[in-house]
Structures are given as C-alpha cells and as structure tokens.
Amino acid sequence: MREGSLGQRSPTFVTWLWGRKNWAKRCVSTQVIGIIGSSIELQCSYPEAESLNYSRNRILWQIKDRFSCFVAGYFPNENMEKYQCQEFKQRTLLNEPKQGSASLQLSNIRIADEFIYQCIIQKNINGQFKLIHNESISLKVAANYSKPVITGPVQLGEEVMFMCNSSHGYPEQRLYWRSEINNSTMNITVQFTKELDGTFSVFSTLKMKVASDMKLRCTIEHKQLHQNITTTSKHPDSFIPSFLIIITFPTAIQFFSALLALQFLFYLGKVTFWIYSAQHPIYFPMSRHSNFSRRLGLER
C-alpha cells in the first residue's frame, strides 16, 4: 500500500488519524540523544498506576505532524505493518506494554531520524477508545568525532604553521587550540566539510611566531555528547631555529633538483680539467736540480 493513500486504509485507522487534532493539549515533551549507527529506547511514561495491555489499549508512535504513515504501533485486531513508514521497517520494536511504560526501540540510527516523535495511548472506555496519554520526544542525532591529528610545524618565514584535522562527527562542533603552558586561546582558521554519509570533517590551521615552547593542544568540543577530545603535539620544548625548514613536497623536488645540478657541475669540472691536463702537460724546470744531476752523472 502506498503511503498517504488514506482511501485504502481501514475505517479504524482513518478514525484514529482524524481524531488527533486535539491531542496536543495533553502533551508532555522530552529530549534524547541518539548515536549514529547505534540503538536507542524512546521512553513513553504512562502516569497511571494501571498496566497497559494489548486487549484494551491502542499504542501508536508517529512523527509529529506526519499523517501519511507511522513509526510503530498496535491496534487490537488490526494489522499495522502495512501502515508503517518505509524508512522504519525492520528497525523498530514496540516493547511489551507494562505498568508505566510503552517504550519503543529504534535501531541503526541515522541522521534522517532526527524528528519529534509522539507516543499516543488510547484506552477502551465503555466500548470507545479515548486518549489517555500523549507524549512528545525530540530525538537529536549525534556522532563522535575522531581523535584530532596534529601535523607540522611548517616554517613560513618568521612564523610556523600547525594543522589539526578530525572526521566523521555530527553535528558541527567547536574546534580550538590551546598552549600547553599558558593555556591561552589561539586565533585559528576552521573549515568544515560535509561527507557523503552526512557527517562532518573539520580542518584547522594555526600560525604563530617561533617560540621556545611549541607544545599545543587541539580540542574538539562536542556539546551534545558532553565530550572534549584532545590531542597534544609531541614537539620538544626546545627552541626551533629559524634555519630548520620542514620541506613540503614541491619544495623537496626543487631542493634535490638543485643538488643534482651542483653535483653534475662538479663532475663536469673534474672531467674538463682532466682532458685539458692530458692535452697540455705541465713541465717543471730542472735548473734547481742541475748540480745534483751532475753529481749523479745525469748531465754531461
């Protein structure tokens, strides 16, 4: 059955849909956090002392203001699976009603599950089902960011640059740098990128003048999950001299090209000198050795 086709639904379910316009006045609202890929139990706390059961109660979980389908539910003597929203099939479990609870388990949480859900309970009173409880639960979806990775430093004149990146978190959160010594907040640039799965990656750069202490901390602050994930740079405290240059890939190519050129010129000079020496032998005068030569009888 196609979602939204009210004409094909049973009279019982149509009556249920049209009877919801006055439920909001009896609504209780709460908020929960669900982790992407995990499961969560949406609690529906029934305040009455009596227990709920399938013989005299109707239980329905729906997305607020969506009337074409529902998340999960039970009507006595009614097949409710055909009315379930397609995106929730095989991902919901309506727990056995018990005293004070009609909870729903939602598995494999996705970013698209971020809605306000309504738990609606009716009771058969004198042959008619009447509303006895309506509760709204706001589901906020979140995901942990990976542990930040610090790279650098790269020397840029009198400054050095550090980089920090983290990925697959949700939603966008705050990234900041701090010095290990004075714990002061740094000025940074931050860029978020949305990945194909809807999560975010973050890349940050920090430029600063060369200092005697280069220990830094890069932190992702996740407010929804009440977590701070921090990485500390492993660079030594000692001063980084200005002639220490971290060579990037393009610079490395230029450096080694120049080195090979110098080596080629050195060997070319040696070969040229050898050829010249072979063609122009050098003769040393023997005048200083004439007396010695005469003594040996080398001269007449």
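Which residues make the nonpolar surface patch of about 440 Å²? In this predicted model, the patch is made by Leu262, Phe264, Leu265 and Leu268.

**Nonpolar surface patch**
- Leu265, one of the residues that make the patch, belongs to helix α2, which covers residues 249-279.
- Leu265 has a relative accessibility of 52% and is therefore classed as exposed, the cut-off being over 50%.

**Largest pocket**
- Rolling a probe the size of a water molecule over the atoms shows where empty space is left.
- The volume of the largest pocket is about 270 Å³.
- Its lining consists of 14 residues, and those nearest the pocket centre are Ala72, Gly73, Glu81, Gln84 and Thr92.
- Two strands, β4 (72-74) and β5 (92-94), each contribute at least two residues to this lining.
- Sorted by class, the lining residues comprise 7 nonpolar, 4 polar and 3 charged.

- Most residues other than glycine have a negative phi, and most peptide bonds are trans.
- Pro171 sits in the loop between β10 and β11, the latter strand spanning 174-179.

**Positive phi values**
- The loop between β3 (57-63) and β4 holds Asp65.
- Asp65 counts as exposed because its relative accessibility is 58%, where the class requires over 50%.
- His168 likewise has a positive phi, near 55 degrees, and is not a glycine.
- His168 is located in strand β10, and with a relative accessibility of 46% this residue counts as partly exposed.

**Strand β10 and Ser167**
- Strand β10 runs over residues 159-169 and includes Ser167.
- How far apart are the C-alpha atoms of Ser167 and Ser146? They are separated by 5.4 Å, although the two residues are 21 residues apart along the chain.
- Ser167 has a relative accessibility of 22%; buried requires under 20%, so Ser167 counts as partly exposed.

Definitions and conventions. Residues are numbered from 1 along each chain as its sequence is written. This is a predicted model: local features need pLDDT of at least 70, side-chain atom pairs count only at pLDDT 80 or more; totals for chains, interfaces and linings use all residues. Side-chain values use heavy atoms; hydrogens and water are left out. On a 1 Å grid over the protein atoms alone, a cavity is a set of points where a 1.4 Å probe fits but cannot get out, and a pocket is an open set with protein on both sides within 12 Å along at least five of seven lines; lining residues have an atom within 4 Å of a point. Grid points are joined across faces, edges and corners, and a volume is the space filled by probe spheres set on the points. Helices (H or I, at least four residues) and strands (E, at least two) are DSSP runs, numbered from the N terminus. Ala, Val, Leu, Ile, Met, Phe, Trp, Tyr, Cys and Pro count as nonpolar, Asp, Glu, Lys and Arg as charged, and the others, Gly among them, as polar. Patches are made of residues with over 30% relative accessible area and no salt bridge: like charges are joined within 9 Å, nonpolar side chains (Val, Leu, Ile, Met, Phe, Trp, Tyr) within 5 Å. Accessible areas come from the Shrake-Rupley method with a 1.4 Å probe; for residues, only the protein chains shown count as cover. A salt bridge is a side-chain nitrogen of Lys or Arg within 4 Å of a carboxyl oxygen of Asp or Glu. Buried means under 20% relative accessible area, exposed over 50%, partly exposed in between (1.4 Å probe, protein chains only).
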